[in-house]
Protein chains: 2
Amino acid sequence: MLTQTTHRATPQLPAAQRQLPAASHALTGQIELMGATMPFTRNAEIYGENERAEYLYKLLSGSVRTYKVLNDGRRQIGAFYLPGDLFGLEVGENHMLSAEAIVDCKVLVIKRSSLIGLAMRDPEIARKLWTTTACELQRAQDHIMLLIKTARERVAGFLLEMSARSAAATEVDLPMSRQDIADYLGLTIETVSRTLTQLENAATIAVPTSRRIVLRNRGALSRLNS
Amino acid sequence: MLTQTTHRATPQLPAAQRQLPAASHALTGQIELMGATMPFTRNAEIYGENERAEYLYKLLSGSVRTYKVLNDGRRQIGAFYLPGDLFGLEVGENHMLSAEAIVDCKVLVIKRSSLIGLAMRDPEIARKLWTTTACELQRAQDHIMLLIKTARERVAGFLLEMSARSAAATEVDLPMSRQDIADYLGLTIETVSRTLTQLENAATIAVPTSRRIVLRNRGALSRLNS
DNA sequence: AGCGGCGATTGACTTGGGTCAAGTTCGCAC
DNA sequence: GTGCGAACTTGACCCAAGTCAATCGCCGCT
């Protein structure tokens with residue numbers, strides 16, 4: 001890789017620590033009353049890539065993954081969504097990724113057309129729609145930065161990101177499988193597993209159960225996170 | 001990687017062939033009259049990561065790269081912009097990436113605040129701002145899909161993308177160096193070079209000069225592009 | 001208790017792409 | 001022309017992560 005000579009003087013906080021302009025806070029008003037709450041069971045499809053984007057979704061409980069599948073079967077997970085997150089908002093007619101429930105979920109479903117109609121009248125709503133899309137863009141750009149790093153850096157970054165998004169300070173409860181993590185990070189399940197045990201051996205984390213991770217040395221993780 | 005069993009029935013066109021909702025067409029109206037045209041010389045910084053985003057930019061001539069630098073010096077190029085493209089539009093206060101002129105450029109510079117003021121009054125403008133951001137999101141998501149592929153697939157995807165964006169059908173004139181391409185694709189300069197000669201040996205492309213590439217077998221490239 | 005079965009871990013081996021080090025080509029200044 | 005430097009290419013070697021395969025551990029079922 002390049003050794004860039006011109007460096008910015010004001011380094012940005014790493015993605016995992018930075019407070020994203022929370023999509024969860026946007027669009028919380030009377031708009032939500034326009035929606036109906038729907039349940040989805042584990043692994044159920046919420047919408048598919050290229051389907052018409054009739055609705056916007058707000059996750060009430062459970063967790064969701066969005067993804068694309070290449071025609072040779074490789075899957076790339078675009079994002080994980082946790083309760084409070086908005087997802088599935090599109091500007092164009094169609095969804096760009098598919099969405100599935102990782103575990104049983106409750107989702108608030110909001111008609112896109114009525115929201116856009118509202119935005120035509122109310123610049124405040126229009127701005128919130130725009131902000132929500134910008135939030136996704138930020139997420140995607142952080143994701144790109146993850147994908148150019150080493151396996152250890154990617155896993156560290158992922159753990160910090162999940163930790164920043166969950167309530168508990170030092171303990172992360174992962175709703176997704178190793179396969180999901182691997183497909184999010186562009187690694188194999190074996191590499192994710194090996195990297196976690198490496199970090200555990202280095203006393204950086206503890207893994208009491210496979211879905212529960214304790215951050216024992218956040219500094220070390222942040223250092224890895226570049 | 002995963003062998004996903006549930007496949008969508010309606011496969012999407014690969015990114016390079018799909019017609020993006022062209023940012024170049026958005027926001028072309030009286031708004032442009034609000035801007036002043038500015039020249040930038042080769043390698044000049046147009047704006048820096050984390051700087052206040054006072055302006056939105058429309059490239060009139062030349063080409064531009066946006067990028068981030070990790071604190072160990074690795075650089076990731078976020079996008080290349082060609083004449084007609086808009087860049088540097090932010091919803092938040094600050095730029096998320098830095099932007100530099102790849103060659104001497106002429107850029108139309110538009111005040112963001114006046115544009116946003118206009119959007120408050122005119123829902124048409126508001127929607128165009130939103131669409132422009134959605135366009136960047138699409139680009140970022142396509143970029144993510146590139147980064148999980150093999151070197152040959154990345155290079156093929158890059159060539160198809162550049163070809164789709166340039167006027168000439170079978171010939172691509174690259175404004176950027178091998179280092180820029182490498183930092184865009186998450187590869188090293190050596191791997192990019194080797195991959196291009198591989199493709200040349202396979203009669204898939206021709207490389208009359210290092211900045212000029214002839215697509216001799218677009219089908220083969222598309223097949224690589226997954 | 002015993003039996004599957006699935007997800008996760010671990011091990012042995014392979015390989016694609018990175019690293020380091022020469023060359024080569026091209027453009028430009030003199 | 002000649003000389004120089006930057007960009008690019010090529011070669012030899014190495015290593016991080018992928019592949020393939022075996023094993024473990026946990027949970028639910030009968």
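Two strands pair if DSSP finds at least two bridges between them, and strands themselves are DSSP runs (E, at least two residues), numbered from the N terminus like helices (H or I, at least four). Everything below belongs to a predicted model, in which local features need pLDDT of at least 70, side-chain atom pairs count only at pLDDT 80 or more, and totals for chains, interfaces and linings use all residues. Residues are numbered from 1 along each chain as its sequence is written, while chains are lettered from A and ligands numbered from 1 in the order in which they are written.

**View 1. An open sheet in chain B.** Four strands line up in the order E1-E8-E3-E6, with antiparallel pairing. At the edges sit strand E1 (36-40) and strand E6 (86-87), each pairing on one side only. Look for the 2 bridges that join strand E3 (residues 55-61) to E6(B); B:Lys58 stands opposite B:Leu86 there.

**View 2. Two helices of chain B that cross.** The axes (lines fitted to C-alpha atoms, for helices over the stretch in contact) of helix H4 (residues 178-185) and helix H5 (residues 189-201) come within 8 Å and cross at roughly 100 degrees. Angles run from 0 to 180 degrees between N-to-C directions, and H4(B) and H5(B) are therefore roughly perpendicular (65 to 115 degrees) to each other. Contact here means C-beta atoms, placed from the backbone, within 7 Å. H4(B) brings B:Arg178, B:Gln179, B:Ile181, B:Ala182 and B:Leu185, and H5(B) brings B:Ile189, B:Val192 and B:Ser193.

**View 3. Where chain A meets chain B.** Here 51 residues of chain A are in contact with 51 residues of chain B. Helix H2(A) supplies the largest share of chain A's side, 16 residues. A rotation of 180 degrees with 0.0 Å of shift along its axis superposes chain A on chain B (RMSD 0.0 Å), using least squares on the C-alpha atoms of residues with pLDDT of at least 70 in both. The two copies are thus related as by a two-fold rotation axis. The same surface serves both, as 100% of the contact residues of chain A recur in chain B.

Definitions and conventions:
Parallel < 35°, antiparallel > 145°, perpendicular 65-115°, else oblique. Contact = placed C-beta atoms within 7 Å.
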